There are 2 protein chains.
Amino acid sequence: MAAALSGVKIVCVGQFYLAPYASMILARMGAEVIKVEALTGDPYRRGTRPGEEEISVQFGMINSGKRSLALDLRHPEGQEILRKLVLQADVLVQNLSPGGMDRLGLGYEDLAQINPRLIMASGSGFGSSGPLAGKPAMDLTIQARTALMTTTGFPENPPVRTGPSIVDFMGGIHLAAGILGALYQREHTGRGQHVEVSLQDAIMPSLSSNIAGMVSSGGTMPERTGNRHGGLAVVPYNAFPAKDGWVTLLCPTQPHWERLCDIMGRPDLKETYPTMRVRCENYEEVDAIVGAWTAGYTREEIAEMTEPAKIPTAPVVTLPELIADEHTKARGVLRWEKDDEGDYLTWGSPIFMSDSPVEDPPRTRPLGADTDEILTLLGFTDEQIAALHAQKTVG
Amino acid sequence: MAAALSGVKIVCVGQFYLAPYASMILARMGAEVIKVEALTGDPYRRGTRPGEEEISVQFGMINSGKRSLALDLRHPEGQEILRKLVLQADVLVQNLSPGGMDRLGLGYEDLAQINPRLIMASGSGFGSSGPLAGKPAMDLTIQARTALMTTTGFPENPPVRTGPSIVDFMGGIHLAAGILGALYQREHTGRGQHVEVSLQDAIMPSLSSNIAGMVSSGGTMPERTGNRHGGLAVVPYNAFPAKDGWVTLLCPTQPHWERLCDIMGRPDLKETYPTMRVRCENYEEVDAIVGAWTAGYTREEIAEMTEPAKIPTAPVVTLPELIADEHTKARGVLRWEKDDEGDYLTWGSPIFMSDSPVEDPPRTRPLGADTDEILTLLGFTDEQIAALHAQKTVG
């Protein structure tokens with residue numbers, strides 16, 4: 001059985017998380033990915049802790065299953081090598097600093113002349129239009145700029161960023177979706193196109209509840225709602241105290257609420273708070289009642305009581321608990337693999353496709369480990385390759 | 001110019017955000033989407049605030065550009081209507097409660113017999129395997145379960161959820177990517193497949209820095225780092241006080257740091273903190289120095305000073321500031337549209353494709369607004385349609 005993207009060739013001029021996550025998703029669907037890095041390497045390649053001198057843990061997780069070509073794109077011969085790669089590639093995905101590829105003569109217009117079937121995909125902080133086009137941005141920048149920070153945290157505390165790099169990954173998966181859409185379209189048109197995703201655009205839809213709450217309340221809603229619903233439009237919806245830690249609980253529909261009232265032994269509350277609207281208008285009261293109830297039980301006891309009623313509850317777990325969790329292990333998206341050099345941590349595929357098997361991703365390659373082989377396939381002689389190394393065009 | 005998914009027919013048995021965001025992305029790429037809802041409507045259809053009695057703001061943003069079919073799938077004739085739809089559809093995307101479609105006789109195995117080219121895409125909290133398979137889950141549940149909450153917030157405060165519904169949307173866009181990959185693969189195999197995305201799997205890669213920090217530090221890293229880097233692997237990286245509010249600033253590479261030292265008039269710091277590793281080991285000191293410098297300027301002044309050095313900085317903006325922002329308006333992903341009934345808020349496409357124009361999405365349809373037209377196209381007579389209404393199989 002072939003994989004979904006079997007035979008699709010991708011060149012990833014990516015760094016940090018944005019483009020590398022897009023190319024990781026495509027690699028897990030079976031595409032061949034060549035990762036092109038400067039001779040100094042992707043800034044995330046090396047880590048700051050012992051054992052991470054060559055490959056950091058996060059770099060290893062994201063870039064497994066890709067080949068590594070170290071190439072100085074500022075060098076005219078480096079640009080020429082990239083053009084040769086593009087000639088036989090289906091996709092070039094990149095997130096150099098905005099306009100960077102254009103300044104190297106490697107923008108979409110240039111590359112489409114060489115290969116009209118090429119799909120070029122560009123990720124950036126703000127996109128190529130609008131007043132902030134071209135400004136540098138990373139995950140933190142966009143979290144600040146898109147109100148992700150001011151909508152996160154407790155009302156009485158300062159704004160706070162989301163701990164994980166959700167903006168970078170949201171951008172990366174949107175970029176992957178754009179590439180896949182363009183690959184599908186190319187089957188019908190025979191031509192490639194330029195796909196563009198900005199981090200800001202990609203994260204904004206996730207603010208739907210918050211924006212809707214702000215607009216529909218006429219701006220009266222608190223900006224940050226702690227562990228409550230982002231639009232204060234679902235109640236109860238919170239992290240509540242249990243005997244042994246925090247437990248989250250929500251009642252997204254009327255039947256959920258009515259079943260919870262029965263479980264709490266308080267059928268009278270169905271009449272006191274008969275609709276979502278009434279519950280939303282009295283969210284502090286409702287949360288206080290639910291919290292007083294949860295405080296009398298352990299998280300496990302609460303899960304057992306609420307499960308038959310299909311009320312979603314969950315313990316608030318720590319990172320070590322997540323890594324050790326049986327469900328995490330069973331799913332295999334976060335996975336330890338083993339090869340001759342020992343164990344390594346990697347991502348599998350978060351997308352399961354019944355007709356497209358995911359291979360265990362081989363360990364992330366050292367910088368430039370595949371340079372010579374790739375150059376040979378492009379038609380360079382051993383002598384030429386040695387010369388390119390000597391003048392530091394490749395590494 | 002045709003759109004990427006021109007002619008692709010999608011049936012979305014989706015509710016809340018997960019499947020509806022996937023089908024929104026595909027609609028923006030030009031697919032025809034029929035949204036199938038129970039006769040009571042998607043739980044997010046109606047809002048809790050005045051003016052949201054029929055269509056809530058967030059429901060309107062996500063479901064614009066789709067047709068609406070109100071159908072009782074518990075009814076055998078309702079199931080038969082869905083089978084007729086599936087016969088001519090390319091994709092069925094759904095996020096009913098886990099196993100829900102199977103219990104209705106509408107699981108992938110059943111539907112593939114009717115239409116082997118069908119791509120069925122299922123979104124759920126935990127997926128269909130592993131000890132938590134089938135447990136109910138929504139955004140909050142997964143934020144708790146995947147350590148998103150314990151990695152978010154200030155170390156001295158309790159865990160806190162990310163304000164926006166990033167888990168639901170991360171799941172939705174992964175589901176869309178899986179569908180697009182399957183559409184591409186079908187061009188080569190001629191057959192459909194089952195695509196599955198769980199919220200837990202989809203959000204986990206965004207924890208790369210956090211997991212890497214935990215693993216590479218041997219578990220000594222603080223779980224929550226406030227506005228600092230999730231793995232404490234980039235320093236400086238924080239929200240700092242400015243004269244007129246908070247400003248984020250980070251130095252992802254060595255040159256960024258060296259340029260910042262010059263801008264701060266402190267070239268001596270290049271020697272005091274010569275490498276990322278040294279800066280990471282002394283993050284509190286470095287942050288204190290940078291914060292003392294930022295406190296003397298406004299956010300605008302800081303942006304002007306750091307911009308030539310390509311150091312990403314950003315004001316920490318509020319939701320109203322985001323909505324009013326000129327860049328937000330110029331990009332048009334969050335957009336006000338106008339029709340005969342007045343203004344409405346909607347999402348455009350966060351993915352720009354040069355060969356696939358995005359139409360302005362028409363207003364979200366009232367529940368069942370397209371039921372009769374769709375049934376007529378399926379071959380039902382007016383009399384049959386009236387009978388289906390009378391027995392409440394359709395609405």
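Me: What percentage of the 395 residues of chain A count as buried?
Reply: Keep in mind that this is a predicted model. A residue counts as buried here if 20 or more other C-beta atoms lie within 10 Å of its own. Go through the 395 residues of chain A that way and the buried share comes to 57%.

Me: How many helices and strands does chain A have?
Reply: The C-alpha atoms of chain A fill a box of roughly 85 × 50 × 45 Å along the principal axes. As for secondary structure, chain A comes to 18 helices and 12 strands.

Me: What kind of axis relates chain B to chain A?
Reply: Chain B can be laid on chain A by a turn of 180°, with a shift of 0.0 Å along the axis.

Me: Which helix gives the largest share of the side of chain B that touches chain A?
Reply: In total, 129 residues of chain B are in contact with 129 residues of chain A. By class, chain B's side has 70 nonpolar, 44 polar and 15 charged residues. The largest share, 16 residues, comes from residues 166–189 of chain B, which is helix α7.

Me: Which residue of chain B does A:Phe352 stand opposite?
Reply: Look at strand β12 (residues 352–353) of chain A, which pairs with strand β6 (residues 194–198) of chain B. The pairing is antiparallel and runs over 2 bridges. Within it, the residue in β6(B) opposite A:Phe352 is B:Glu196.

Key: Residues numbered from 1 in each chain as written. Chains lettered and ligands numbered in written order. Predicted model: local features only at pLDDT ≥ 70, side-chain atom pairs only at ≥ 80, totals over all residues. Helix = DSSP H or I, 4+ residues; strand = E, 2+ residues; numbered from the N terminus. Buried ≥ 20, exposed ≤ 12 C-beta atoms within 10 Å, placed from the backbone. Least-squares fit on C-alpha atoms with pLDDT ≥ 70 in both. Contact = placed C-beta atoms within 7 Å. Nonpolar A, V, L, I, M, F, W, Y, C, P; charged D, E, K, R; others polar. Pairing = 2+ DSSP bridges.
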